Amino acid sequence: MAALLVVLLAFPFAVGVVSYLVPVRVSKVLAPVSGAVAFALSIALVPAVLTHGHITAGSELRVDSLSVVFLIATSFLYLATAIFSAGYLHLDSGPAGARYGRRFYAGLNVFCWAMLAAPLVSGLALLWVAIEVTTVVSALLVAIDDTETATEAAWKYVLIASMGLGISLLATIVLYYAGTSVFGAGYDLSYAKMLAAGHHLPPEVLRLAFVLAVLGYGTKMGLVPVHTWLPDAHSEAPTPVSALLSGALLATSFYAILRYYQITAAAIGSVFPRNVLLVFGLASLLLAALYLLRQRDIKRMLAYSSIEHMGVLAIGVSFGVTLAFIGVLLHVLAHAAAKGTAFFGAGSVVRKFGTKDMALVRGGVGALPWSGSMLVAAVLALSAMPPFGLFRSEFLIVSGGLSDPRYAVAAVLVVLVTLAFVGLGWSTTQTMLTTGPADAALAAAPHATPHTPHAPHAPHAPHAAVVSSRVRKGEVSPWIVLAMALGIAALVLLGVHLPADLSRLLDHAAHELRTP
């Protein structure tokens, strides 16, 4: 089993290097193969961690049930995004198109490799390094279209994320300092060692380290008030990158916060870290719900939906009960599938209509019978509607919250999630289910400009009626439909019937978070 960890770490990186050297047509095949291998290896780890508790490879690699949950989420989205990219990218036949394709696929695979590395490493220092690598690679991918807005979004992302990672590095140093009182000046920051130290660590130093970790890694997770990079980066990045940013990168940063939560709760109890997460979670959920009521950019709308769901995760952990923890971990899996599928659908709409402005798009389901319908289903899933996995996960979180003495928080959670549903549902209904071009859309946005990915905005774009009337019925690519179908199938599976091993995995991981 140790060999599986090494292969899981090495294979995506090797594919990323090869993708920069081979023709794009080869990379289109290699990326889904790498995603499938990563997903298969992640699934193969489940029985082993259920039997042995954890698996190690040397002193640097270690996985337990909590790690494997995040590996499954990231590797599944890796596979689906690689399939989607094969249908989404329309490259020029000349040298510029080949250069773009090589950079894109190399970046895509290395980005996914770094996100897989984070749950694989055994300690907090290596975890910080892995998340730092995700920042560098993803910033290059955000800017890859080389437009003014994409470059601006990438710079904003780099500046804010670097600030956050600087704070999280300080959290790592502070926690290391706390450990010197037990282990001396020289030791490694492995999770097992820090958890074993437990009550011997100085409480005030641990409190400081946890707050710094939430602020630092919360920047990459998209928690308010350190979320401001997220809407711009998600909106301006190529759609496959947006899907990975939202469905996998935010979850990876959340994983880092959970590791700090484990250590802090084991040493001083869970009350303080739970209260910190509650404050950040409520602020994130409130802001996202309000912003979702007034979005016109389809990708920006999904970005604020990601902030909403990160708030739900933080609030779920703040309840501090096993049932809520199970819901939180299921939410990580379901959100990866739902948000990936939603971004894939948004990419199909942008390709079809040539614009991200939802006021200029009408009759989306009529123009895109398969991907349009699945986009609506993905939005319903993000709104926690049955029979999808996010309904099940939020039901578990709320049920756990109602068992907490602060049950009013669970009621606030339900109200804010319902408010977010109104914003998501209204915008999506108007865009996808309204038939034909709408005069109301034209009146609302007479000067809006459709946008084609990888190209600058046109100076004299057609108005809403012309945009909708020129669109012919038919899918952009069968690969897009296949990627979305995988996501919908996963959401139904998670909502209707969890596989027995997966259910046990979530239960084990939840108890790891509860371990004193």
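This is a predicted model: local features need pLDDT of at least 70, side-chain atom pairs count only at pLDDT 80 or more; totals for chains, interfaces and linings use all residues.

The chain splits into domain 1 (1-120), domain 2 (124-269) and domain 3 (282-516).

| Domain 1 and domain 2 | Value |
|---|---|
| Distance between C-alpha centres | 21 Å |
| Area buried between them | about 2,300 Å² |
| Share of the buried area on carbon and sulfur atoms | 81% |

In domain 1, the residues that lose the most area to domain 2 are Phe70, Phe111 and Ala118, and together they make up 26% of what that side buries. As for contacts, 26 residues of domain 1 touch 29 residues of domain 2. How many salt bridges does the rule find across this interface? The count for domain 1 and domain 2 is one.

On the subject of salt bridges, arginine 259 and aspartate 64 form one through their side chains, with 2.9 Å from N to O.

Now for the surface. Val7, Phe11, Val29 and Val33 make a nonpolar patch of about 300 Å². Helix H1 (2-21) and helix H2 (24-52) are the elements that give two or more residues to this patch. Is phenylalanine 11 buried, partly exposed or exposed? Its relative accessibility is 30%, so phenylalanine 11 counts as partly exposed, a class that lies between buried, under 20%, and exposed, over 50%.

Definitions and conventions. Residues are numbered from 1 along each chain as its sequence is written. Side-chain values use heavy atoms; hydrogens and water are left out. Patches are made of residues with over 30% relative accessible area and no salt bridge: like charges are joined within 9 Å, nonpolar side chains (Val, Leu, Ile, Met, Phe, Trp, Tyr) within 5 Å. Accessible areas come from the Shrake-Rupley method with a 1.4 Å probe; for residues, only the protein chains shown count as cover. A salt bridge is a side-chain nitrogen of Lys or Arg within 4 Å of a carboxyl oxygen of Asp or Glu. Helices (H or I, at least four residues) and strands (E, at least two) are DSSP runs, numbered from the N terminus. Buried means under 20% relative accessible area, exposed over 50%, partly exposed in between (1.4 Å probe, protein chains only). Domain bounds come from an automatic or database domain assignment. Contact means heavy atoms within 4.5 Å. Buried area is the accessible area (1.4 Å probe) that two parts lose on being put together, summed over both.
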